[in-house]
Amino acid sequence: MKKLLIIFLATFSLAATAQKITVGAKHFNEGYILSEIIAQLLEENDFTVDRKYNLGGTMVCFKALKQGEIDVYPEYTGTISFEILSSGKNLSVEQIRAQLQAMGLAIASPYGFSNTYALVMTEALSKEKSIHNISDLAQHPNLTIGLSYEFLKRQDGWDNLSKAYALPQVAVGLEHGLAYSALTENKIQITDAYATDGEIIQNQLTVLEDNQNFFPDYLATSFYRPAIGEKAETILKKLTGQITESEMQAMNAAVLYEKKSFQQVASDFLRKKGFVAGATSKTPTSIIPDLLNKTGVHLKLTFLALLLAIGFAVPLGIVLYWHPKPARYVLYFVGLLQTIPSIALLAIFIPFTGIGQSPAVLALFLYGLLPILRNTYTGLQGIDPVLKKVAIGMGMNRAQRMQLLEFPLAIPFILSGIRTAAVISVGTATLAAFIGAGGLGEYIVTGLALNNSSLILRGAIPAAILAILIEIAFEILERILRPKYLR
Amino acid sequence: MDPLVLENVYHTYNGQPALSGVSLRFHAKKITAVVGRSGSGKSTLLQVLNGMLRPAQGQVFFQGQPFDYARAAALRLQMGYVIQGIGLFPHMTVEQNILINTRLQRPANGTDPVARMHSLMQRMNLAEAYGKKYPHELSGGEQQRVGICRALLPNPTVLLMDEPLGALDSITREDIQREILQLQQSEERTVVIITHNPQEALALGDYIVVLEAGKVLQYDTKENVLKNPANTLVERLTSTRTV
């Protein structure tokens, strides 16, 4: 009976509104393009699409999918075999499907190309040292190997690769988007790449032959929740066998070197394949409204976190002033929170709150606590003891002393703590884009993934301006609120 | 009934005995000046009187009742309190400072706090225009006059003063002494004033307590103390009058 009711309600709600599907993306070039192809294809077929891009690496995307934060994102069979199912070997599409079914997840049939991992170096150096396959690297222990963080940690990544080939080098980690410029500037000599990377041709790089067949196949396909329904599944299947390796390389290069937006590239692809009617592509969103929109989200995250931090830290500071014994320990603890790297703090909450704005606000809130708490506490402590003595002597109780004397005198200190917290918050909020919270950081994260410095600056400059504006706003606020006796 | 009584009070301060067996019955509606050197226990005595310090031994009576430390704040509302540091609240105007008591308790029936403030300011020679000023705009003497007005606003039965004029120049000090005496004539009140200055004790006190090393050396009317000093120490302490 209960089941019937649920089915009835589900059917009813499907009929009533256009079904909404949330599309996620791994934050690198190809991830964005494939996600956008899926998104536009769904939109063409009357679905409402919510885009949650910039989800970081595999595990963030997978957790988001598992928890229903997103409904679909493009993934690779090798990654699913090794990282998600931890099977230790490459599984076939059928094997993967069978294992995913138990989790309530599914994959569509592969798009057609394999984007396997590869090690690359510049053509010039390859010729000079005559390094042609991965085994040759063992003869050159002094080469610097800079790898993406994900590749460093993957089962089919550096650890097992270097064991399989008995490579002596120690690899360093760096952001994948920066690896190619590091290569051409000879800061590093070897990096990991994807076989479909547009950079390989552009930067005249050589792919080292995987002569021991270490790397598994990485067939790209749609990784989704069957709960999206049959109609949506059918649409995802349309992409089966439609994208070749060279087509993918060309699309990647179009974004990276022709500076087309990935929306544009996705739309061009869908029209070429006849999935979308009409000759003209959708006009890309213009910069200014998008910038304002992202600034709005950025400010919302910042101020929500700031308000929460004020609401928590100021009363806590008062309580600590009244009960100073635990104050040292509480301040130590809150100070400790401050030392957790922002990205780690942001990631810690994903299992509890999912992705998006809640973990971001929570993390920013924790960062804002220390300056406000410390300034509230020390501001109250620093009040002239003569004033406190006379207040007690004239018969004020504890609450009256706080309300009439101590709190008003501590306000300038508390305000400057809030100001510090606000500036920290505005800066750290750019990192919130890594967990899908949006804001100006989205430009920065996307720019890093695409190695597009103008996109990075489009996020970084407004974020810096916001920080300065907040400083100025607080200076004015402090001047207005500054008690008359201090003017 | 004597509003303030100490019975065999002992107290140590930083490990040093500050009061050793002090018994005092302060006379109602009179000014008692407690005089003694630094470290004689004067300040401890005053803080014991208003319950800020709880004696290690002995008892304090306020208006005939043993001091109830659970209600200390409420009891202090009935005692005016003036200290050397003055302690005007810097974020409040002179008027707000003087009227602070009205924010701590409801003014007694039939009283008009604002009218009382103006009357007190007038009697302490504070022009009405000072009301809108902030404490830092006032001289030290003016600040202490405000401090006294603030303490007297609710017309307390008891006024406790701890070296109120200690930091002022001698001319200002004498002016304020005169104003205190005039106020005492119009509103008789039990006043305890702590001072290290024998001249001030003799100028203000109807009664004199001579405190030395936490013990009462002599407690008598001003006249008797002058006529019959209990010993040479009291004589020395009070002899400055002729200087």
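This is a predicted model: local features need pLDDT of at least 70, side-chain atom pairs count only at pLDDT 80 or more; totals for chains, interfaces and linings use all residues.
Visitor: Where is the place of Tyr165(A)?
Guide: Welcome! Helix 8 covers 158–164 and strand 7 covers 171–173. Tyr165(A) sits in the loop between helix 8 and strand 7 of chain A.

Visitor: Does Tyr165(A) count as buried or exposed?
Guide: The cut-off for buried is under 20% relative accessible area. Tyr165(A) has a relative accessibility of 5%, so this residue counts as buried.

Visitor: How many Å apart in space are Tyr165(A) and Pro289(A)?
Guide: Along the sequence, Tyr165(A) and Pro289(A) are 124 residues apart. In space, taken C-alpha to C-alpha, the separation of Tyr165(A) and Pro289(A) is 52 Å.

Visitor: Which residues touch the most other members of the largest nonpolar core?
Guide: In soluble globular proteins, nonpolar side chains tend to be buried together. The largest nonpolar core here has 181 residues. Helix 18 of chain A, residues 357–381, gives the most to this core, with 13 residues. The members that touch the most others are Phe223(A) and Phe89(B).

Visitor: How many residues are in another core, apart from that one?
Guide: This other core includes Val94(B), Met124(B), Cys149(B) and Leu152(B). Its size is 38 residues.

Visitor: What is the area buried between chain B and chain A?
Guide: The two chains meet through 24 residues of chain B and 18 residues of chain A. Carbon and sulfur atoms give 73% of the area buried between them. That area is about 1,900 Å².

Visitor: Which three residues supply more than any other three of the area that chain B buries against chain A?
Guide: The leading three give 29% of what chain B buries against chain A. They are Phe89(B), His91(B) and Leu104(B).

Visitor: Which element gives the most to the side of chain B that touches chain A?
Guide: Helix 2 (72–76) and strand 6 (79–83) of chain B are the elements that give two or more residues to this side. The one that gives the most, with three residues, is strand 6 of chain B.

Visitor: How many residue pairs are in polar contact across the interface of chain B and chain A?
Guide: For salt bridges between chain B and chain A, the count is zero. For polar contacts across this interface, with both residues at pLDDT 80 or more, the number of residue pairs is three.

Methods
Residues are numbered from 1 along each chain as its sequence is written. Chains are lettered from A and ligands numbered from 1 in the order in which they are written. Side-chain values use heavy atoms; hydrogens and water are left out. Contact means heavy atoms within 4.5 Å. Buried area is the accessible area (1.4 Å probe) that two parts lose on being put together, summed over both. A salt bridge is a side-chain nitrogen of Lys or Arg within 4 Å of a carboxyl oxygen of Asp or Glu. A polar contact is a pair of N or O atoms within 3.5 Å; within protein, one must be able to donate a hydrogen and the other to accept it, and residues adjacent in sequence count only if both atoms are side-chain atoms. Helices (H or I, at least four residues) and strands (E, at least two) are DSSP runs, numbered from the N terminus. A nonpolar core is a set of buried Ala, Val, Leu, Ile, Met, Phe, Trp, Tyr and Cys residues joined through side-chain atoms within 4.5 Å. Buried means under 20% relative accessible area, exposed over 50%, partly exposed in between (1.4 Å probe, protein chains only).
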